[in-house]
Amino acid sequence: MSSLSLTSETNVVVVGLGYVGLPLAVALAKKFNVTGFDISEQRISELKDGYDRTEEIDKDRLEDSTLELSSSSENIKDAAVYIVTVPTPVDKDNKPDLTPVRSSCEILGPIIGKDSIVVFESTVYPGVTDEICGPMLAEKSGMICGEDFFLGYSPERINPGDKVHTVDKITKVISGQTPEVVDILEELYSAVTSGGVFRASSIRVAEAAKVIENAQRDINIGFVNEITMIFQKLGISVYDVLEAAGTKWNFLPFTPGLVGGHCIGVDPYYLAERAKQINHDPRIILSGRAINDGMADFVAERICAQLSEGGTILVLGLTFKENCPDLRNTKAVDLINGLKVRGFKVDVHDAAADPVEAKQFFNIDLKPSLNDLPDHSYAAVVGVVSHDSYKDIKACEFERLLEPGGLIADIKAMWSNVEKPKYIRKWQL
Ligand SMILES: NC(=O)c1ccc[n+]([C@@H]2O[C@H](COP(=O)([O-])OP(=O)(O)OC[C@H]3O[C@@H](n4cnc5c(N)ncnc54)[C@H](O)[C@@H]3O)[C@@H](O)[C@H]2O)c1
């Protein structure tokens, strides 16, 4: 490839401006000439108005950025580097759904230029970039992959809602089809992160590293969820056990919970699928998934077993994690459904979710304000997501909301220090 030296005039395109793409595009735009491309016209129009529904970039930063925004592929031709950050979900059978990745290749194929580098950041299984994306881009562009244009892979590690481990601080794993591509990616990513870069030995290694980071986390949480189920039946608090075990130097500090969202609950299925393709049965990976996917129903069953007379349950939290509006693949919905099938009416409040999305995705009408909820009308208040504002709920507020004898059910151990009101019961995992 002809040697490319990056300057502030270098054209970089970020494809897919979601939780990952937008912060990356804004960071890169401080150093390069960056266009953010998204197939969603609504997303582009909102961002042009300074509104980021993912809450990753505030209005001032968006308006101050030199980032160009477009939903037309006409405006992203011939860039030096394309970075693809489109979703990689699973289908209803938990099989990888590579439709957005394929569609991005269809869009980019005809517009990439000679020597363009196409870097994938979407989480995939080892082989997707080389075996699926490269051939598609070659076919659509009429160019030779590895000679006329080049592939790279650099997994994204940001964490939605996490304002500490941000895109400008995380160590970036990079990989490319040739050492020259990796050199360029090192220069590109080093310009935006103080965390440094790690040069993986191949694209497949970088793909594999990302997918196991999340599979490892899922399996560890699966183990803690399994011991939680055991200790619940033995009448022991798992948090007390974890506190005691955590005094050992090499005990890993995982806590029980619902595993939802776009990454931890999804990526292990990508690795499992790849394992099956090569006739390996991924037993540990799928066991972790099965336990974590069953956790919401286990919690629903434990709560309902403590409520003899039916009634209405107030669920606090619908998003897949705390302090983040992301509703994708949230397991709070499974818990709500588990309560409903056991005969309870359920009211839901969420301090971070968009009520329109809650209605659109799950047909749930979120309660707008805790203060407006009726007095003494709930059989249980269930803390599902530890949004900061829920951690501050006082004993007197539980007393107001709950029927006498009602239950505070604390899934996230966020109310451990709340003094139990008289005539109210308290339970945590
Ligand atoms: N959300 C996270 O925190 C996180 C963290 C690490 C890695 N990842 C991975 O990064 C990838 C992106 O995740 P996300 O959370 O940013 O997704 P997202 O759903 O928030 O955003 C994806 C964006 O891509 C757009 N899009 C879809 N198909 C497109 C196409 N063909 N061309 C252009 N735009 C397209 C969508 O309109 C959307 O705006 C996924 O592979 C995910 O697993 C996500």
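So, by class, how many nonpolar, polar and charged residues does the shell around the ligand have? The shell has 13 nonpolar, 12 polar and 5 charged, where Ala, Val, Leu, Ile, Met, Phe, Trp, Tyr, Cys and Pro count as nonpolar, Asp, Glu, Lys and Arg as charged, and the others, Gly among them, as polar.

Quick caveat: this is a predicted model, where local features need pLDDT of at least 70, side-chain atom pairs count only at pLDDT 80 or more, and totals for chains, interfaces and linings use all residues. Numbering runs from 1 along each chain as its sequence is written.

Back to the ligand. It has 30 residues around it, and G16, G18, Y19, V20 and S122 are the closest; near means a C-beta atom, placed from the backbone, within 6 Å. Helix α4, residues 99–108, gives the most to that shell, with 4 residues. Helices here are DSSP runs of H or I, at least four residues, and strands are runs of E, at least two, numbered from the N terminus.

Now, α6. Its buried residues are V181, V182, I184, L185, L188 and Y189, buried being 20 or more other C-beta atoms within 10 Å of a residue's own, again placed from the backbone. Down the axis of α6, those buried residues fall within an arc of 160°, so they line one face of the helix; the arc uses directions from the helix axis to the C-beta atoms.

Zooming out, 44% of the 429 residues count as buried. The C-alpha atoms fill a box of roughly 75 × 50 × 40 Å along the principal axes.

Methods: A residue is buried if 20 or more other C-beta atoms lie within 10 Å of its own, exposed if 12 or fewer, and partly exposed in between; C-beta atoms are placed from the backbone.
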